[in-house]
Structures are given as C-alpha cells and as structure tokens.
There are 2 protein chains.
Amino acid sequence: MTAKIAIQGIKGSFHHQVVKEYFSESVDIDECLSFEELVDSLLAGKSDQAVMAIENSIAGPIIPNYALIDKNNLHIIGEHYLSIHQNLMALKGQKIEDIKEVHSHPMALLQCMDFLKQYPNIKLVEDKDTAETARRIQEKQLTGIAAIGSKVASEMYNLEIIAPEIQTIKNNMTRFVIIKKQNSFLPENEINRASIKFELDHKRGSLAAVLNVMSDCKLNLTKIQSLPKIETPWKYSFFVDVTFENYEDYSKAKSLLNIMAEYFKVLGEYKNTKPLSQS
Amino acid sequence: MTAKIAIQGIKGSFHHQVVKEYFSESVDIDECLSFEELVDSLLAGKSDQAVMAIENSIAGPIIPNYALIDKNNLHIIGEHYLSIHQNLMALKGQKIEDIKEVHSHPMALLQCMDFLKQYPNIKLVEDKDTAETARRIQEKQLTGIAAIGSKVASEMYNLEIIAPEIQTIKNNMTRFVIIKKQNSFLPENEINRASIKFELDHKRGSLAAVLNVMSDCKLNLTKIQSLPKIETPWKYSFFVDVTFENYEDYSKAKSLLNIMAEYFKVLGEYKNTKPLSQS
C-alpha cells in the first residue's frame with residue numbers, strides 16, 4: 001500500500017519538495033492548509049506520516065509547532081534540511097511594473113524584505129501558503145498580483161519568474177521533521193540525535209545543573225528554548241535538541257534527567273541529517 | 001512637548017491599552033501596521049518610544065521582535081504585562097448564526113481555537129491586526145464577518161460583543177517592552193532585570209559554564225532561547241532574561257560574561273514589573 005504523507009500547504013510547496021527528497025518510494029500526499037489540520041490528519045489516521053517545518057535559519061524555531069508535537073504526543077522519527085530559494089512569479093507577460101500586490105506567507109515576505117523594500121508601491125498581503133497563491137493566480141488569471149515561492153511552484157502553476165532568488169540571505173535553510181502518531185524504533189546505532197523536553201523547579205542554578213550533566217554525558221546541545229507552561233503563566237518548560245556519538249552516553253543522560261527534572265519527555269530519537277557543510 | 005509613542009496596530013489594539021496603562025501622562029500615538037514599521041518610526045525620530053509585544057504566556061516569545069531590537073541596536077527601557085481578554089464582535093444585531101468568517105491576527109485566532117472549533121462552518125481568515133478588522137467592519141458595514149479583540153476595540157468601533165471571553169486559556173498574559181533609540185539610564189538601585197545576548201563557541205559545555213557563572217552571581221534566569229545567527233546557518237546566539245536583587249552581582253556577571261563569551265551585549269537594564277501573583 002502506498003504510504004500517505006500529510007504536508008502543510010499544497011503540491012508545489014516547500015513541504016512537498018521535502019517529501020520528494022526524503023522519501024525514496026512514491027507516496028500519496030494529503031494537502032493540509034494549516035499545521036493544526038496536518039496534526040488532525042495524523043491523529044485521524046488519514047495519513048501515516050507528516051512533514052512539518054520546525055526551524056528556519058533566519059526566523060528561528062517555529063514555536064507553536066513544538067507545542068503541537070508535544071501536546072498531541074506525536075513522535076519525531078526523522079529530519080530533513082532544505083535550502084530555500086524564493087522567486088517572484090506572476091502570469092506570463094506580466095512585468096515588475098505591472099505588479100500592484102504581492103501575496104505570500106508572512107515567513108516568505110520576511111525572507112524577501114530587502115528586495116520588496118525596493119518597490120514601496122507594491123502592497124504586501126499576508127497569505128496562508130506560498131504555492132496556494134501561485135495556484136490561485138493561474139486559476140483566476142489574476143493580473144497585477146505576484147506570488148513568492150519555489151521554482152517548482154512556478155512550473156506547476158505555469159507562472160513566469162519575474163525575479164529569481166529574491167531572498168535576502170542567500171544561505172537560507174529550513175529544517176523539517178518527519179512525525180508519526182506511533183513511534184518507529186530505529187536501531188540504537190543509527191540514532192545520534194534527540195529532541196527532549198523537561199521542566200525544572202524555579203531554584204537558581206537548576207538549568208545549569210542539568211546542562212552540566214548533559215555536557216558530562218558528552219551530549220552536544222544544538223538548540224535550547226524555554227517555553228511557557230500553558231495554564232501556568234511564566235512557568236517554563238525547556239525544549240532541547242542534542243547530538244551524540246554513542247547511544248549509551250545519551251541513555252545515561254536520560255536516566256539522570258529523569259531523576260533531576262520535575263518532568264522529562266523524549267519527543268524523538270532519530271538520525272542527524274544536517275548537511276556537513278553547515279555544521 | 002507631548003511624547004510620541006509608536007504602537008503596533010491602531011487605537012483600540014492591545015498595544016494601545018499598554019500605552020494607557022504604562023504612561024501616566026497623556027501621549028501622542030503613532031499607529032504602525034507592522035513591527036518593522038514601528039522600528040522605522042523610532043529610527044526616523046517620528047516617535048520617542050515604542051511599545052512592542054515580546055512574549056505571550058501561551059504562544060511563547062515573539063522571536064522576530066528580539067531580532068529587530070538586536071539588529072537595530074534599540075534599548076529596552078521598561079516592560080509591562082497585560083492580561084489578554086478576547087471577544088467575538090460584529091455589527092449590532094448580528095448573531096453567531098449570521099457569521100460566515102472571522103478575521104483576526106493569527107495569534108488571536110490561535111488563542112481562541114477551542115471556541116472557534118465549535119463553529120466549523122465559520123471560515124478563519126488571518127489578518128494583520130485585531131483592532132483594524134473591527135474598524136473595517138464598522139466602516140464598510142460588513143455583515144457576516146466578525147472580529148476578535150478587546151472590549152475597548154468593540155466600544156471604539158461601535159461593535160456588539162457576540163461572545164465574551166472566548167480565549168481558551170483564561171489566564172493569558174502578554175509581556176510588552178518599551179523600547180527607545182537611545183538608552184535612558186535608570187539609577188542602579190531601581191534596576192533588577194536585564195535582557196542580554198551572547199554568542200559562544202561550539203565547545204561542549206560552554207553554555208553550562210556560562211549558566212554556572214550566572215547562578216554563582218545570584219542571577220535568576222527567567223528565559224533562555226537560542227537563535228540562529230543570520231548568514232551563518234546553525235550557529236547560535238543566546239537571548240537570556242535575568243532578574244537579580246543587587247546590581248553589583250549583575251555587574252560582576254557582566255564582566256565575567258564579557259570575558260567568557262565570543263560576543264556579549266546588553267539589550268536592556270530595567271525594572272521588573274511582573275505582577276507578583278504570577279511569579
């Protein structure tokens with residue numbers, strides 16, 4: 001049976017591109033117009049796995065997505081890094097002078113702000129999805145409106161690229177995670193990365209103590225972020241990503257954190273696929 | 001001369017409410033439709049100070065705003081906590097059955113998701129500003145469309161509250177900071193909170209070492225977050241908030257961090273105003 005993969009956005013989106021690069025076999029796509037819908041698709045069994053953007057090298061972590069994974073007890077089973085290339089596109093024959101409005105996702109608008117600031121007469125309109133806008137421009141034959149998105153989206157919806165590579169930072173990567181309802185267990189020797197969550201009491205130095213243990217156990221911390229605890233304003237949880245060489249070291253750290261932290265949870269244990277040139 | 005304060009959004013927004021509560025004297029308001037515009041207002045001297053949402057007890061830190069403060073070398077000179085109450089509002093006479101669409105800021109939609117899920121036929125449309133939508137509904141006499149916002153916004157734009165207090169978490173606070181282009185120096189004995197930024201090399205345990213020093217100097221860490229360094233994917237800066245009792249302790253920590261960190265910067269030193277009941 002062909003696996004069904006939920007993505008945020010429609011075909012031609014960056015999430016779709018991740019599916020093409022990550023999965024070697026052919027899969028069916030469930031297009032979801034929000035991250036909430038994507039999680040619902042997994043929970044309802046409409047899809048087997050989902051691809052979710054989790055962190056961007058410019059805008060930072062996509063915080064509500066950590067909360068979604070945590071709250072719904074989903075499991076991170078893999079990750080994929082995608083280099084983001086943004087292009088301005090419109091109906092064939094349209095020129096930059098014809099464009100009155102650019103519709104796109106807030107993140108895409110933010111990534112292209114330096115380019116867009118050169119055209120103060122163009123109105124920026126926030127939209128839900130980059131590829132969706134491209135599709136709508138073609139479907140409704142909208143003139144005067146441009147979309148921002150990938151080359152794949154321009155080909156898929158038959159739009160012309162008016163300006164290529166318009167993102168401010170050329171070296172722009174987004175990290176995606178592959179999530180599932182049930183955990184799939186990798187052999188321990190293939191695991192070298194984990195995403196964990198813990199809560200600490202408010203005693204001074206408690207976070208330092210935990211980080212000392214992690215350092216003693218040879219874990220490299222690649223990300224840390226305190227997040228408020230829902231229903232308890234200004235009490236914090238910590239979301240931490242680590243890499244390690246030996247699962248045994250990590251396993252020892254887990255046992256210690258279980259004792260030290262008020263609450264401890266593994267969001268996922270998986271294989272680090274960060275491109276070496278970026279490390 | 002009356003001070004000019006930049007806010008994100010228009011009069012009737014939560015930012016406007018903060019101005020009313022924070023400033024004892026009467027001030028002029030500069031309405032900005034994005035946080036970028038708000039920063040531009042400060043930099044261009046169109047306003048003397050600005051009010052900026054920085055953290056919400058549900059959705060967490062508003063990450064791009066940290067980057068905006070940092071990148072433009074602005075100074076945090078104060079903070080204010082606001083309890084957020086969301087209401088569904090529409091033209092007088094409209095009932096919940098008449099509503100086809102709710103337009104609001106993504107954050108407000110997120111905060112009211114449990115309520116909105118009871119009405120699956122109502123389409124959710126993301127908008128730039130809560131109060132702006134309220135104003136537009138009144139101006140254009142839009143039926144079938146509701147806004148989400150404060151009681152103040154409903155009064156200001158003469159809309160009727162169809163459903164009060166629709167936010168999922170009743171205890172929902174947002175932290176705002178007051179920012180300036182030039183620093184204003186408080187007497188040291190009035191300062192008990194600071195926002196700092198530092199960068200560390202990638203050696204294992206380097207963050208633990210810094211947190212140990214902060215703990216030794218009696219600083220309480222109230223927030224920590226790693227953020228990617230622009231142009232250097234997957235190298236991280238750390239944004240940290242601390243509170244302390246004696247400025248001398250904090251001063252000592254600053255000297256040590258200056259030596260230990262590859263880069264160290266103070267974003268602001270100010271007075272902690274967190275309501276005691278929330279601490």
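Predicted model: local features only at pLDDT ≥ 70, side-chain atom pairs only at ≥ 80, totals over all residues.
Glu132(A) counts as buried, at 18% relative accessibility; buried means under 20% relative accessible area, exposed over 50%, and partly exposed in between, with a 1.4 Å probe and protein chains only.

Residues are numbered from 1 along each chain as its sequence is written, chains are lettered from A and ligands numbered from 1 in the order in which they are written, and side-chain values use heavy atoms, with hydrogens and water left out.

Arg135(A) and Glu132(A) meet in a salt bridge of 3.0 Å, N to O, the term denoting a side-chain nitrogen of Lys or Arg within 4 Å of a carboxyl oxygen of Asp or Glu. Both residues lie in helix α6 (residues 130-139) of chain A, three residues apart, about one turn of the helix. Helices (H or I, at least four residues) and strands (E, at least two) are DSSP runs, numbered from the N terminus.

In chain B, Arg135(B) forms a salt bridge with Glu132(B), with 3.0 Å between the closest N and O atoms.

Glu79(A) lies in strand β5 and Arg193(A) in strand β12 of chain A, so the pair ties together parts that are 114 residues apart in sequence. Glu79(A) is buried at 1%, and Arg193(A) is buried at 2%.

Over all chains, the count comes to 28 salt bridges.
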